[in-house]
Structure formats: C-alpha cells, structure tokens
Amino acid sequence: MADGNKRTINTAACLIIGDEVLGGKTVDTNSAWFAKFCFSLGINLKRVEVIADDETEIIEATQRMSKNYDFVVTSGGIGPTHDDITYQSIAKGYNLPLVLHETALEKMKALSKPRKNDPDFSWDVDSPQRKARMRMVELPWDKKKSEEDQIVFSAEDLWVPISIVNGNIHILPGIPRLFEKMLTGMKPSLLPRLTDPEGKGVHRILLSTPLPESGVAGYLTELSGKVEGKGVKVGSYPRWGKSRNTVTLVGRDVEYMESLVSEVEEGVKGRRIKVEGEDDDEGSDKDK
C-alpha cells in the first residue's frame with residue numbers, strides 16, 4: 001500500500017473527540033460540515049464516530065481508522081487544558097515523542113492576540129499560562145518522515161497547524177470556524193490525490209413525491225437494481241408532517257442520471273426540485 005500522504009484518496013472517516021459532545025454541552029457540527037466537504041470532492045465518507053477524551057479510546061479509534069480509510073480527520077482535544085489529550089494519545093499510539101514545533105510556536109507568538117483576561121502574559125516569562133499555550137504546538141513527531149509530510153499550515157492568518165500522523169491522520173481543532181477554514185485550505189493539496197482529480201465530486205438529484213414511502217417502495221427497488229451497475233444510488237426520505245417526501249439519485253455520471261429524471265418523475269408521480277421542501281405548499285398532508 002502507498003504511503004498515507006501519497007496514496008489516492010477514495011474513502012474518509014471523521015473522529016469527533018470530546019466529553020462535552022457526549023455530555024450534550026456542545027452540539028457537533030463539524031462532522032456534518034465534513035460530510036458536505038467530502039461529498040463535494042467525491043470522497044466517500046464511510047464512518048463518523050464520537051468518543052470521549054480518553055487515551056485508550058483515542059488510540060484504538062485512530063489506529064483502526066488509519067488502517068481502514070484513506071483520509072482520517074480528528075476534531076477536538078488539542079487545546080491548552082489538562083483534558084486536551086489528542087496529541088499525546090495519538091503520539092503514544094504510534095510510539096512517537098511529542099516535539100515542540102518551533103515554526104508553529106513562532107506563528108503562535110506572531111498571530112495570537114492579547115487577552116483581556118490575561119493582561120500580564122509574556123512569552124519571555126516562564127509561567128503556567130505559557131506552558132499551557134506551548135502544549136498546543138507540541139506535536140507527535142516521526143524523525144523518519146519529512147516535515148512536509150507531518151505538518152500543514154493551511155491558512156496564512158492562522159497559527160494552528162494540521163498535524164499529520166501515520167500518513168493519513170489529520171488532527172484538527174474542534175472549534176467549527178477553525179475546523180472549516182483549515183480543511184478548506186487543504187483542498188488544493190487534496191485534489192491531485194482524489195479518484196476524481198478534477199474535484200467534480202458526486203452529484204445529487206432531488207425529486208419530490210406526494211406518495212408515502214410504501215407507495216414508491218416497489219418502483220424504487222426496481223430502479224435501484226437497474227442503476228446500481230452505473231454507480232447510481234437511489235434514496236427515499238420520508239418527511240414527517242409534510243405533504244411531500246423526497247427521492248434522490250446520487251452518483252458521478254451526470255449525463256446518465258439526467259436521462260433518468262423523466263422516468264423517475266413518472267414512477268413516483270412527482271417532479272424534480274432544486275431544494276427539499278420548495279413545493280411543500282402543494283397539496284395536503286399525506287400518510288407518511
């Protein structure tokens with residue numbers, strides 16, 4: 001198998017790390033955003049997991065995902081506090097030391113803004129606050145690999161690095177705006193490694209039907225068998241309390257999918273739509 005940094009990306013997995021997510025304090029939006037990111041690039045997102053800030057669980061999950069999927073992203077657990085243990089856990093899982101990354105540290109010093117609640121902080125004075133901040137740039141490091149294969153700065157105005165372990169584990173923060181911006185910044189480097197190098201991605205066609213799922217099940221089963229060989233997936237989604245349900249066609253062969261639209265419209269007694277729910281005012285509530 002090719003090195004994780006070089007091999008073609010077909011599959012992906014997302015690991016959300018945080019007690020606050022499992023406890024209901026924080027609502028995870030990063031996995032949903034990552035799913036859309038993967039869909040837009042034609043990457044098959046195969047797994048999303050949420051786990052605790054627990055060393056054993058982090059090690060088990062990252063090792064398993066790294067083995068099974070081409071592109072692995074973790075979210076959370078890289079802050080300055082005692083329960084931010086993602087770096088140290090993944091480092092332990094791969095028998096790597098944590099090394100202070102000088103470039104990341106200098107970027108942090110240059111780009112970090114003064115904090116009103118810590119006006120006396122100084123990078124020149126040894127303090128608990130300084131040690132806590134420096135923890136965020138102590139990264140798992142493999143001396144056998146090049147620097148470019150282990151760290152990425154995906155935005156000029158961000159000091160937070162993307163640490164890469166075992167070739168395909170990408171360690172990101174849990175803060176949504178940072179998570180989204182950093183992954184977006186990685187896109188140019190990902191495109192050449194996709195099964196679809198032009199990044200055209202997967203396409204989705206939406207169709208609205210007034211029929212309940214039971215009314216379209218037979219036809220959609222037949223349709224699914226017909227188009228599966230062309231790489232097209234057929235989906236059926238009930239919309240509770242709404243007058244119309246949704247049918248989807250998902251695949252890469254846009255021309256073939258477009259050729260199916262009229263047939264599917266007739267088969268489900270519906271019509272194509274651009275956005276789910278755009279025709280909810282047409283007709284009364286149906287049995288879902």
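Colleague: Is the crossing of α2 and α7 left-handed or right-handed?

Modeller: Two packed helices are described by the angle between their axes and the distance between the axes. In this predicted model, the crossing of α2 and α7 is right-handed, a crossing being right-handed if the near helix is turned clockwise from the far one by less than a right angle, and left-handed if anticlockwise. The axes of α2 (residues 30-41) and α7 (residues 176-190) come within 10 Å and cross at roughly 20°, with axes fitted to C-alpha atoms over the stretch in contact and angles running from 0 to 180 degrees between N-to-C directions. The two helices, α2 and α7, are therefore roughly parallel to each other (angles under 35 degrees count as roughly parallel, over 145 as roughly antiparallel).

Colleague: Which residues of α2 and α7 make the contact?

Modeller: On α2 they are N30, W33, F34, F37 and L41, and on α7 they are P176, F179, E180, L183, T184, K187 and L190, where contact means heavy atoms within 4.5 Å.

Colleague: At what angle do the axes of α8 and α9 cross?

Modeller: The axes of α8 (residues 213-227) and α9 (residues 254-267) cross at roughly 165° and come within 12 Å, which makes α8 roughly antiparallel to α9.

Colleague: What is the mean pLDDT of the chain?

Modeller: The mean is 91, and 94% of the residues reach 70 or more, pLDDT being the predictor's confidence in each residue, from 0 to 100. Local features need pLDDT of at least 70, side-chain atom pairs count only at 80 or more, and totals for chains, interfaces and linings use all residues. Residues are numbered from 1 along each chain as its sequence is written, and side-chain values use heavy atoms, with hydrogens and water left out.

Technical notes
Helices (H or I, at least four residues) and strands (E, at least two) are DSSP runs, numbered from the N terminus. Angles under 35 degrees count as roughly parallel, over 145 as roughly antiparallel, 65 to 115 as roughly perpendicular and the rest as oblique.
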